[in-house]
Amino acid sequence: MNAIKIPKPGHVNEATQTDLSQTDLSKIELSQTVGNIYADNAKMSIRNADIYYGDKQAIDNISLDLAKNQVTALIGPSGCGKSTFLRSLNRMNDTIDICKITGQFTLDGEDIYAKNLDPVLLRARVGMVFQKPNPFPKSIYENVAYGARIHGLTNNKAELDEIVETSLQKAGLFNEVKDRLNDPGTGLSGGQQQRLCIARTIAVSPEVILMDEPASALDPIATAIIEELIDELKEKYTIAIVTHSMQQAARVSQHTAYFHMGKLVEMGKTEDIFTRPSHKLTENYITGRFG
Amino acid sequence: MNSSILFFVLLGLTLFSYWFGLQRSLKVAGGAWHKKELTSLPQQFGLLTAMVCGLPALITLLIFNSGEHIVVEQLLTSTLPVNIQSLSNVDLVLYLNNIRSIASSETPANILQVLSQSSDLKNSSEYKAAFTLQELNQQAAWLKTALVLIIACVSVAVLVRKFSLTYPARQKSERIIRALLVASSAVAILTTVGIVISVLFESIQFFKSVSPLEFMFGTQWSPQTAMRVDQVAGSGAFGAIPLFAGTMLITFIAMLLAVPVGLMIAIYLSQYASAKLRAFAKPMLEVLAGIPTVVYGFFAALTVAPVIRNMGESIGLSVASESALAAGLVMGTMIIPFVSSLSEDAISAVPNALKEASYGMGATKSETVLKVLLPAALPGIVGAILLAVSRAIGETMIVVMAAGMAANLTANPLDSVTTVTVQIVTLLTGDQEFDSPKTLAAFALGLMLFITTLGLNVLALKVVRKYREQYD
């Protein structure tokens, strides 16, 4: 799983021949991707990632960096592998038996697929918000307190109350629900539910938050609130967001990666990608010619 | 013609009338080329004709068969000599039985021969009556054949005469089919109602001699009553409390085993086991549910009970050779598949999104199971447990063989207890007269048991329904 990938004959990958454990990851050249995959201040770095579902290859030799305290948007047509890639960043794909992952994934320079690394602890550091709001069928309070409880973050009820309140505040939900913390979380509106899920994720104090189309099931107003929230959250967290909406990518992200058929076609600063894309496929996609 | 041959003739006639109706409708339309002018398909005409031919005749046959022997017997009795007609009811039945056995074992020629040779008056009158019976039976058979065939033919003839281009054969055949379906479901419902009513009436008989209060709250159970006045027998105490207490004790022990084990199996199979193992283990578990309970019964009585007894004695406890513990444990084993299979369904039905949310926050597998999956699946699991409980309460063979007959009112699982079902079995097996409180008590017990399990089933269904609403 954590083996360093040996380049396949077909690939023109000159820099990967050396021993990667001693190489500066940012020096690796990639022939496939145009633009700039490197970040000056990378929180997570992925090199030569391949992901297979059984015999089917979902991700083909992708390398990129997630810049610290910035938002990286992953865009691309349906089935291009962006969600699969996102889920590999906190090892959510481990729960799928037939999924096989190779390549190097690091968080602060630490291999997240290392044998001695506990995926449970990794997921506490790399949280995830899903496409469909999925609050537990418990009270609003219990939803947010869940992570703090399982990780033993608090010593008493007062500290737990504190965590719940600040998390809800950071998610911009506290004022709406402060009088009904004991009501079921499933009774909230879709947008509120999604913010509850974000609050639940922040309550564990992660370093990275992965968002898989967090606003695709929401109406425009709820979407705007979530987008504002993402903008605020990047002050404290590193964020990767998969989205189908190019406007959303343009509004909330600083970096954009364009995926196509399991390959990373182009990556760069969001303003560059949307104003002067270098690759024909990217241009076609963002101008709405397909996808 | 006897009934079964007649039935097959009728079947053939029905098949023929399908073809006949079809041809007639084509003729009405003016040949196969014009069949589009009919408002119904020719096949529907055929189907209608077939049903009109078969159904009334079949119903007649059924009614005739069920009423035949009563009428024949009446006629036969009226031909008997006066001194025999004036016999008491019981003796008359014996006499008629005698005649019937002669009539069915001897050929008419034999009987005539006996009649011509015999001089014994009593014997000859019986043979004479037997001869009459055979004649009557033969007449009845002819009558039946004629009646059935005439009804079949006449109804087809009447129907076919009405055929026209606009005849609604489709609607009519649909209506008959619907009536058939309704009749089939009525059979199932009426059977249930019949069972309840028969149990209810016998129970009322029982409550005439034993007060319901004594039955429901009495703590003494000894159903032996004296059959004759001078007989020394049990006092005839009908307090059902010890039986229900025994049932509850064994059920409790069974659930104590089945619920935790079944739940853990469900969790393992749904969350931890690989697909390959699950494909193997699930059918294996279902085999456990397929073992006949009588096999469990002798397993309990011959294997488990002695082991428990020896183990108890080795640590200085006195264990009855038939203990509630042995029966309960084996019964628990039997219902493990019920709990595990239904609970696994409930756990698997929890949306994957909830599971992923939990994993995504860094919860371990067991934390996810305990804090997210089980609470979300709880209604389904409760439903599974309640169904298992009602199964355990109604279970008979295991307890008959392993729990004993002594109606002890005890909470000690090492003691021998008895259950409601065991008592019903012992009250009704062997030669019994059906008017003593002893046998009637079985029906009262059955009624109570029926009400209990019905209540539990209704409760379980309610819980399950509530569960369904949650994720739809």
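In chain A of this predicted model, four strands form an open sheet, and their order is 3-2-5-6. The pairing within that sheet is antiparallel. Which strands stand at the edges? They are strand 3, residues 56–67, and strand 6, residues 110–111, of chain A. Each has a single partner strand, so one side of each is left without a neighbour in the sheet.

Let me stay with strand 3 of chain A for a moment. Strand 2 of chain A, residues 42–53, is joined to strand 3 by eight bridges, and the two run antiparallel.

I turn now to the contact between the chains. On the chain B side, 16 residues are in contact with 23 residues of chain A. Two elements of chain B give two or more residues each to this side: helix 13, spanning 352–360, and helix 14, spanning 365–394. Helix 13 of chain B supplies the largest share, six residues. What is the make-up by class of the side of chain B that touches chain A? There are nine nonpolar residues, four polar and three charged.

Finally, I would like to consider helix 9 of chain B, residues 241–272. With 32 residues at 1.5 Å a residue, this helix should span 46 Å. The C-alpha atoms at its ends are 44 Å apart, which agrees with that expectation. Where does helix 9 of chain B bend? The bend is at Met255(B), and its angle is about 25°.

Notes:
Residues numbered from 1 in each chain as written. Chains lettered and ligands numbered in written order. Predicted model: local features only at pLDDT ≥ 70, side-chain atom pairs only at ≥ 80, totals over all residues. Expected span 1.5 Å × (residues − 1). Bend = angle between axes of the 7 residues up to and from the residue. Contact = placed C-beta atoms within 7 Å. Nonpolar A, V, L, I, M, F, W, Y, C, P; charged D, E, K, R; others polar. Pairing = 2+ DSSP bridges.
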